[in-house]
Amino acid sequence: MQRIGVFVCWCGSNIAGTVDVHAVAEALKSEPGVVFSTDYQYMCSQAGQDIIKNAIAEHKLTGIVVCSCSPRMHEATFRKTAAAAGLNPYMVEIANIREQCSWVHKDMAIGTEKAIILGKAAVAKVNLNAPLTPGQTPVTKRALVIGGGIAGIQTALDIADAGFPVDIVEKKPTIGGKMSQLDKTFPTLDCAACILTPKMVDVAQHENIRIFSYSEVTDVKGFVGNFDVTIKKNARYVKEDVCTGCGLCTEKCPMKKVPNEFNLGMDNRRAVYIPFAQAVPKVATIDPNACNMIKNGKCGLCAKVCTVGAIDYTQKDEFIQEKYGAIVVATGFNPISMDKFDEFAYSQSKDVITSLEFERLTNAAGPTAGKLLRPSDGKHPRTIVFVQCVGSRCDAKAEKGKEYCSKICCMYTAKHAMLVRDKYPDTEVYVFYIDVRTPGKNFDEFYRRAVEEYGVHYVKGMVGKVVPEGDVLKVQASDLLSNKQLHIDADLVVLAAAIEPDKSARPLATMLTASMDTNDFFTEAHPKLRPVESPTAGVFLSGACQGPKDIPETVSQAGAAASKVIGLLAKDKLTGNPCIAHSDELMCNGCSACEKVCPYGAITYVDKEFRMPDRTTVIRRVASVNPAVCQGCGACTVACPSGAMDLRGFSSQQIMAEVDAICK
Amino acid sequence: MQTVTREQLINKAVALLADGTVKCVLGWKKGEFDYDVTPAVFETEEEIRADFVWNDFCGANFSKYLVAKTRQFDGKILVFLKPCDTYSFNQLLTEHRFDRDKVYAVGIPCAGMADISKIKEICGDGISSIEADGDYLSVTTIYDDQPIKVEIKEVLAERCLNCKSKKHVAYDELLGEEGDVIDSNRFDEVAQLEAMTPDERFAFWQKELSRCIRCNACRDVCPACTCEKCVFDNPNSGVENKSPANSFEEKMFHIIRAFHVAGRCTDCGECSRVCPQHIPLHLLNRKFIKDINEFYGEYQAGAQEGSRAPVVDYTTEDLEPGEVFDRRDTNA
Amino acid sequence: MRKCSLDSLNAIFTRINQFAKLYLPVNGNDGKAAYTEWQEGLEWSNALNTTKSPKDFFFPQTEDLMAFRTSGKNIEIIDTRKESEDFVVFGVRACDVKSFEVLDNVFLKEPYDSYYANRREHGIIISVACTRPADTCFCKTFGIDPAKPQGDISVWKTANELYWQSNTDRGAALLDKIADLTEECGTEAVEEQQQQINKIMAKLPLANLTTDGWGAGKTQELFDHPKWAELSEACLGCGTCTFVCPTCQCYDIKDFNSGKGVIRFRCWDSCMYSDFTKMSAGQPRLTQKERFRQRFMHKLVYYPENNNGMFSCVGCGRCLAKCPISMNIAKVMKTIGGKDND
Amino acid sequence: MQVNGYKPLIVAFCCNWCSYAGADLAGNNRLNYPADVKIIRVPCSCRVNPMFVLRAFQRGADGVIICGCHPGDCHYTSGNYYTRRRMALLFSMLDYLGIERERTRVEWVSAAEGAKFAATMNEFTETVAALGENKRLEDLRCKQ
């Protein structure tokens, strides 16, 4: 029989306002096993915790129930309190009488009655609790960063600087990500390449960093501290370690009409290519879909011109297995497709472009060498219309676009408008917006300069329609402030397309068993307190894969993720969760149902000798749970018909005791 | 009419014993009457020649016995399997319940088994002998001067009327002709129940299950129920119960038992055959089979050794529990 | 002896039902007979036997013994016994009537079972002679005459009439209450039927089954008989034979925690179960062979030893009909008992 | 919640990662739902054994709802997919036995859906209250 202490928290008036805490403490006093029951204003405070510690000592408590806020809030706190008083931390149960009682019910009598029942359920459960000791597992001191954009780069550099080896897996032939495509950055207007490329070089040269470019993660097994990852290195048909990046092949290749994805298809590249001059690794890649040699076995020119013999048409995809202690997701974002926004004539006119395309048009390394020329006829645009919130902040019922704010568009649009007016003062620039959102250091000042110093026409209202007519774009819009319809003949329309997580994120989340929100952004372990950790232990989040963010924010989150990884890798051993499945060998009949439903492959089978009732011995196949791999979901416990499989901390008996107590 | 004869089976068993292929034979043993056949282990030719029978009352499915018997005997066991028995055999192998190497399985065709209670409904009590006569049984009773001719198809067991397969899905050797998987109407009764109102269904099951005496015959004969200890017998399971104390306990036992064998039940029909209270237990198991087929695609437990049962599998596109009813309501 | 026409049966049942609950075999929705509380419109089944024996009336499958109501740390003990009212069980066969005697020997001896006794005191048994015994019947083996069933009242059914004879004061009192619906008559028709029945009994397949080789004092001789292993080989360990048996009287006492308290009840147990008589040291009968042996040794050796040679089988044949693997007491008696059985 | 003086008892099994957090969020946002709803925390909806569901009805629950992460969002990757199959089959079986289908439900509630949690509980309690007391899966011993 347990000796249980019950501690009812007032949480100031948060609980005590709707729940008669004295009555709860009094009622629970007479529950089986309860030897002590009290209430206090703030149980989580030092004084409150001292009450618990003293009671444990004084009443020789074997288990405690804290009726307080959600266990998600303070279970860990009270477990530590118990441990400090010499009680096994898993002898603590929380009755959630705040979030799930006092805050949702207004009537004191009702709230009190429910709080007592929840308390009884917790007492019934703790009566069946057993002390649990977590297992320990070693930590592989290597990190994996998935994605080589600015987020991944920063995270990798910070981890590597702390002395731990890091691998970056980037699906493109080069790291650098979206930032490498940008021209200037707000609000300082310094050039993106100037600040990014040195970091890329740092990565390439860092002794602790390996880059797997043109590669993907295809399988993740294991768990925090012990991930087994399979990386698929796609065949680039160029020996990475031999290629010098001289670029000769990329000049000689006869296949000249391959759309250049780095410039968003606004110009062409060859079948063998280096995405841009500062690419890291600076090696050529052959596009197998464009290369005649690979498709038809005819050509082979690049191999002939290569002076170092780096071309290898027979190269195959390579699979690399590596162990990691931590994984950082930095898969970034993409602008959404403009398919569903026909009103802006994106598919009809070459002169309707997205903001990212605009970045390439103004970039010195872009298709126009930095001159702002219309894609259709190469003329200077005289009137430019920028449309904000294309696909952002959409009504869910519209079934196109995103409900969220993409966060970066207001600022880059202000930047684009300002740059145009700076370089080409004869150009009229209109910006249509719903709201201008500029919360950030020096952001609003930046926007005001665009309006006040550069004379950009900011119009509150949405563009209703863009109709190409001859060589002009007829823009119909409304000005909400003056309540007028506007008709503008524009030469160029720039759409600030919403951003969304990269498509690779969803399958990756499944592999990592990391959760995502409905928009496919990764979910944080806690939105405020643990913003760079995924709920899945050992998986961390960096950059826009977690939500839209600009460069400074990305870099700070990248650093934060790195510090979490460093904290993890600095440990030699990890203490596991003891609330895991275990199998009663005497009951188990080895049917394998549990193994089939285990998402972690934690269950294996062993042949064991058993003494039968008739004193003979038989060898039987029985399940065995790997405590380091089991995460404690409990899928196996229901798959098991004999009930041999049970879950510590959430045993069938415990849950049924709770059901019984609630239904009394 | 059974197409292989008792003599064929006896000769096969004797030969396999003689050449040392098997150590013993799991077969049907003649009883007190012509219809009370008992499963038995034969170890000598003499025993086989004296007592081995093969007739229209050899319904017992031997697959489950292999779990215990393969542990008990060193060397191979010869087992005779009717087509439906082979599904249970495979399912038990899928669940690693016995060592395949310790079994020599001989498949035998089956023309369907007679249900003695149906014969007694026609002929009354007091049967003194039953003889096979082509497609008929010749039943002699102490009350009638002349034997009564009963057409076998009139007295077939429920499961044989709804036979799902005459094809053996596992064997080492086959006697006689192989049959085919049959397009049976075995889900018709389930569909009839589904078409009733909830009140009617409740009344139906309340009446049926109220007869349960919790003798556990359904469970103990079931080839899917091979737990080392059943949750209903295990005091630590929290649901241990020995008696059908009230209508809740009756339902609890049968729902959970059906759930535990869902995806594993081959629909061998033994549960309904052995129920002393004639509760149509197969209608519970078949409901799960029908639902599984409809929700997750056709699946026959035991058809293939090693197959993954739908209850331990999923797809990301599965229907929602709430859609189960919408779906049926629109179908109806 | 009194008689009535079968047509007046409904009126008689209605009359009996006015002063006592009346139970009789009625065909259920499975087509099989089961004891059912009488109500207008129900028809007495012609079936020889019900699947469940009438022992339920005195020794129900589940019976509350007492209850404990808990509130916090307090426990209150509640007597759950209810005063029984008189009830009448109609249509009991000779074998089943005899089974009550077997149960009485167990429950009415010290320690006296007040639950059972209470029900026995209030139960009036009306037996009926068997005109069409079944192939599975062997009551004669145990000296039971199906032509002369016992009980408070014996009844014989002919083509058109029902003959009544009381055997006890209680029976006589009941007959008095339906006297206006019956008439005094001679015993000729009944005697003729009895002769018929005796003729049939001689033709039954198990007519020659005897208890030779069984009985008190046979423990040493039979306990290690080599045939037990073979006989029990196919036994599934289910409880069918014990639960349909009219004389099996073993029970388990269990507590049911309802959340509001504990109900202590008893329920039938079966010696075929692996947890039967399980103690802290484990189960005394480790294998199914031993459990199987227990059942038959109890019925045919231990019970007679304690009850002046009376066997605790009445030959009703239920286990013969219901065993999933068709193993039964007749086969056991023949295989292990005396050579006369062959 | 009261319908004709009758208060239903609802047992809600909530997975720790999504639905329990969703319930907490409902509390954080002070969204009301009936006190008849009592939550039991389980690590994952796949921990919910059909035996627990029947147990709740036996002990006096009038409705049982199982809440888990949205399909695809399970903290354990696939737990709720198993829940979905198991409960689809169980609920279908209960319905087959004539037990009111409205008494059982599975609902996916994310940690961000406090409003959905409260709305679901309000609606479910109302539905169950309209059905009245659970008679078809009751155990009278638990009501004495």
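## Contacts between chains A and D

Two residues are said to be in contact if their C-beta atoms, placed from the backbone, lie within 7 Å. By that rule, 40 residues of chain A are in contact with 40 residues of chain D in this model, which is predicted: local features need pLDDT of at least 70 and side-chain atom pairs count only at pLDDT 80 or more, while totals for chains, interfaces and linings use all residues. Residues are numbered from 1 along each chain as its sequence is written, and chains are lettered from A and ligands numbered from 1 in the order in which they are written.

The elements of chain A that give two or more residues to the side touching chain D are α3 (71-84), α4 (98-102), α5 (108-126), α17 (635-639) and α18 (652-663), where helices (H or I, at least four residues) and strands (E, at least two) are DSSP runs numbered from the N terminus. The largest share of this side, 8 residues, comes from α18(A). Sorted by class, the side of chain A that touches chain D has 20 nonpolar, 12 polar and 8 charged residues; here Ala, Val, Leu, Ile, Met, Phe, Trp, Tyr, Cys and Pro count as nonpolar, Asp, Glu, Lys and Arg as charged, and the others, Gly among them, as polar.

Helix α10 (residues 247-261) of chain B and helix α2 (residues 50-58) of chain D have axes that come within 11 Å and cross at roughly 170°; axes are lines fitted to C-alpha atoms, for helices over the stretch in contact, and angles run from 0 to 180 degrees between N-to-C directions. Because of this angle, α10(B) is roughly antiparallel to α2(D), a label given to angles over 145 degrees, whereas those under 35 count as roughly parallel, 65 to 115 as roughly perpendicular and the rest as oblique.

From α10(B), the residues Phe248(B), Met252(B), Ile255(B), Ile256(B) and Phe259(B) meet Pro50(D), Met51(D), Leu54(D) and Gln58(D) of α2(D). The residues of this contact divide into 8 nonpolar, 1 polar and no charged.

## The sheet of chain C

Chain C has an open sheet of 8 strands in the order β3-β2-β6-β7-β8-β9-β1-β10, with mixed pairing; two strands pair if DSSP finds at least two bridges between them. The edge strands are β3 (33-37) and β10 (183-184) of chain C, each of which pairs on one side only. Within the sheet, strand β8 (residues 153-157) and strand β9 (residues 161-166) of chain C run antiparallel and are joined by 5 bridges.

Helix α4 (residues 169-177) of chain C packs on the sheet, where it touches β1, β7 (123-128), β8 and β9 of chain C, and its direction makes about 135° with that of β9(C).

## Individual residues

Trp205(B) lies in helix α8 (residues 198-209) of chain B, and it is buried because 25 other C-beta atoms lie within 10 Å; a residue is buried if there are 20 or more such atoms within 10 Å of its own C-beta, exposed if 12 or fewer, and partly exposed in between, with C-beta atoms placed from the backbone. Not counting residues up to four places away in sequence, Trp205(B) touches Leu97(D) and Gly98(D).

In chain A, Cys11(A) has a phi near 50°, a positive value in a residue other than glycine, and lies in the loop between β1 (4-9) and α1 (21-29) of chain A. Lys407(A) is likewise not a glycine and has a positive phi of about 70°. Cys11(A) is buried, with 23 other C-beta atoms within 10 Å, whereas Lys407(A), with 19 C-beta neighbours inside 10 Å, counts as partly exposed.
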